[in-house]
2 protein chains.
Amino acid sequence: MASSVLYMSMSLDGFIAGPNERHDNGLGDGGDRLHTWIFPDAEGGDFEAAEQRLRGVNRQIYDEFMSTGAVVAGRGTFEPAGGWGGDHHDGVPIYILSRHPAPDWAAAWPAVHYVSDLEAAMRDAKLAAGGKDVLVHGAGIAQRALAAGILDELEIHLVPVLMGEGRRLFEHLGAEQRELQRVRVLEGEGGVVHLRYRVTGGARPGGRS
Amino acid sequence: MASSVLYMSMSLDGFIAGPNERHDNGLGDGGDRLHTWIFPDAEGGDFEAAEQRLRGVNRQIYDEFMSTGAVVAGRGTFEPAGGWGGDHHDGVPIYILSRHPAPDWAAAWPAVHYVSDLEAAMRDAKLAAGGKDVLVHGAGIAQRALAAGILDELEIHLVPVLMGEGRRLFEHLGAEQRELQRVRVLEGEGGVVHLRYRVTGGARPGGRS
């Protein structure tokens, strides 16, 4: 059975974007630092350049998320990225969680589906992925999927920097402990540690155990 | 030259204590989960029991921080822990950062020094450590030492759990990026990942690089 896997680059202090995120500053101030392991120069989002350059462990991780069978992301991830031109990789179906219908520029892309219900999006994505994993991307969607108990795994690219401020990956989860199972730890170039966990336990209320 | 090394157990979502910390609930609700890799049962703080039981990588890390040459901690770490009976390990000098003088129960211990200035505490601790590293412990002191540029290394015991709420290790650091150098990654029992970093860069203001 396919797993839904969150792939996110995160600083050691937990940030996935710098402060002052805007449409024209999608990663926030200094947020590009979190992605230098994959896009070293100002080539943010240039997957072809990344593919030419990446080696070793970082290449392994890249190949992994670029061979998933479907993508689930939030509108706030998708739209500032120009919708990846309608094709994240290999034309796999893309499910965008949004309360709004797709904007005209995205509605024409056959692989892109705007959906308003996260559980339906995840179910459809798993079915469409044909046995492959589903790439989940975005902090908001991660939080909602964790809260709903429908995120199967986390693949965190832990970047050796303290950002100080910005947007955190893990927030708004309430006072509940969720147990994780460490699945894999890989040391990539540039000091990144790729941490893979399976979300095993249901949430349990915080409290003296 | 001795390094000042922060040793802290932290959940994947960045917490070092659960919510509702009080004097009689020192780790906050559910916070004992963060220390089960070292104190598996309700034996919190029982170093002798830990020493009997620990094996492998977790033992290596334990031995490492128990062979440091001095301890620097905050009053909020020291006092709820009963001041470790005046001896954290091997009678090494203990520097407690506090705006207040030592309480009577702690003032009698020869190894314990209450100090109000963090830079002086760190300098004295390094001198007293006789070439060994200095164990730094506590979130507040970590934040202040990072801000002052006098924390040399981080040894984070990354615990495979999402706490959801509680006290974060990295907060109040301002919008400045601090580069880290990954020094060592060790996989311990119980799914803990021991991450060692050197704080290399000075802080640089957040901003598009």
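Guide: The copies meet through the same surface, because 100% of the interface residues of chain A are also interface residues in chain B. Please bear in mind that this is a predicted model.

Visitor: What rotation superposes chain A on chain B?

Guide: Two copies of a chain are related by a rotation about an axis and a shift along it. Here the shift along the axis is 0.0 Å, and the superposition has an RMSD of 0.0 Å. That is the relation of a two-fold axis. The rotation that superposes chain A on chain B is 180°.

Visitor: Which residue of chain A comes closest to the rotation axis?

Guide: The distance is taken at the C-alpha atom, and the closest approach among the residues of chain A is 3.2 Å. The residue concerned is Gly14(A).

Visitor: Which strand gives the largest share of the side of chain A that touches chain B?

Guide: In all, 36 residues of chain A are in contact with 36 residues of chain B. Strands E8 (161-162), E10 (176-187) and E11 (193-199) of chain A each supply at least two residues of that side. The largest share amounts to 9 residues and comes from E10(A).

Visitor: How many residues of the side of chain A that touches chain B are nonpolar?

Guide: Sorted by class, this side has 11 polar and 11 charged residues. The number of nonpolar residues is 14.

Visitor: Which residue is the bridge partner of Glu179(A) in E8(B)?

Guide: E10(A) is joined by 2 bridges to strand E8 of chain B, residues 161-162, and the two run antiparallel. The bridge partner of Glu179(A) in E8(B) is Val161(B).

Visitor: What radius of gyration does chain A have?

Guide: Chain A has 6 helices and 12 strands, and its C-alpha atoms fill a box of roughly 55 × 35 × 35 Å along the principal axes. For 209 residues, a compact globule would have a radius of gyration near 17 Å. Chain A agrees with this, since its own value is 17 Å.

Visitor: Which residues does Ala142(A) touch, not counting those up to four places away in sequence?

Guide: Buried residues make up 44% of chain A. The largest nonpolar core has 112 residues, and Ala142(A) is among those with the most contacts inside it, as are Val72(A), Val136(A) and Val72(B). With residues up to four places away left out, Ala142(A) touches Leu6(A), Met8(A), Val136(A), Leu151(A) and Leu169(A).

Conventions: Residues numbered from 1 in each chain as written. Chains lettered and ligands numbered in written order. Predicted model: local features only at pLDDT ≥ 70, side-chain atom pairs only at ≥ 80, totals over all residues. Core = buried A, V, L, I, M, F, W, Y, C linked by C-beta atoms within 7 Å. Buried ≥ 20, exposed ≤ 12 C-beta atoms within 10 Å, placed from the backbone. Contact = placed C-beta atoms within 7 Å. Least-squares fit on C-alpha atoms with pLDDT ≥ 70 in both. Helix = DSSP H or I, 4+ residues; strand = E, 2+ residues; numbered from the N terminus. Rg over C-alpha atoms; globule rule 2.2 N^0.38 Å. Nonpolar A, V, L, I, M, F, W, Y, C, P; charged D, E, K, R; others polar. Pairing = 2+ DSSP bridges.
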